[in-house]
Amino acid sequence: MAYILLGAAIVLELCATTMLKLSEGFTKILPTVLCLILYFVCFFCFSKSLLKINLGIAYATWCGVGIVATAIISAVVFKQGLSLTGILGLVLVVAGCIVLNLKGN
């Protein structure tokens with residue numbers, strides 16, 4: 001259940017971050033309100049996941065998956081480029097998260 005909550009926190013954070021971009025600096029009301037609500041629920045789910053998952057592992061997983069997914073969303077939805085060096089960096093982030101989850105306890 002803790003990893004389901006962590007997964008929900010990650011998905012909610014990705015949605016909130018997307019709304020943050022769409023809010024255009026909090027000048028558009030609907031994306032702004034959605035962003036704030038999604039971040040609140042995201043942090044609630046994350047806090048509940050921490051009852052069973054080590055903070056370092058949970059946070060690294062949340063950040064790692066978030067970084068990779070946000071880069072993909074940025075490239076696909078917002079047509080913002082990603083260089084070969086950036087892709088290499090994302091591969092290293094994923095590798096680090098895998099190692100931490102397998103050997104981090």
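## An exposed loop residue

With 68% relative accessibility, K79 is classed as exposed, because the cut-off for that label is over 50%. This residue comes from a predicted model, as does everything else described here. K79 lies in the loop that links α3 to α4 (84-103).

The backbone at K79 also deserves a look. Its phi is positive, at about 55 degrees, although K79 is not a glycine.

Let's move to the loop between α1 and α2 (29-49), where E24 is found. E24 is another residue other than glycine with a positive phi, near 50 degrees.

Is E24 exposed or partly exposed? E24 counts as partly exposed, since its relative accessibility is 48%.

## How α1 and α3 cross

Now for the helices themselves. Helix α1 covers residues 2-22 and helix α3 covers residues 55-76; their axes come within 10 Å and cross at roughly 40 degrees. That angle makes α1 oblique to α3. The crossing of the two helices is right-handed.

## Who meets whom

Which residues bring α1 and α3 together? On the α1 side they are Y3, L6, A9, I10, E13, L14, T17 and T18. Their partners in α3 are I57, A58, T61, W62, V65, G66, A69, T70 and I73.

By residue type, this contact between α1 and α3 is made up of 11 nonpolar residues, five polar and one charged.

Key: Residues are numbered from 1 along each chain as its sequence is written. This is a predicted model: local features need pLDDT of at least 70, side-chain atom pairs count only at pLDDT 80 or more; totals for chains, interfaces and linings use all residues. Side-chain values use heavy atoms; hydrogens and water are left out. Axes are lines fitted to C-alpha atoms, for helices over the stretch in contact, and angles run from 0 to 180 degrees between N-to-C directions. Helices (H or I, at least four residues) and strands (E, at least two) are DSSP runs, numbered from the N terminus. Angles under 35 degrees count as roughly parallel, over 145 as roughly antiparallel, 65 to 115 as roughly perpendicular and the rest as oblique. A crossing is left-handed if the near helix is turned anticlockwise from the far one by less than a right angle, and right-handed if clockwise. Contact means heavy atoms within 4.5 Å. Ala, Val, Leu, Ile, Met, Phe, Trp, Tyr, Cys and Pro count as nonpolar, Asp, Glu, Lys and Arg as charged, and the others, Gly among them, as polar. Buried means under 20% relative accessible area, exposed over 50%, partly exposed in between (1.4 Å probe, protein chains only).
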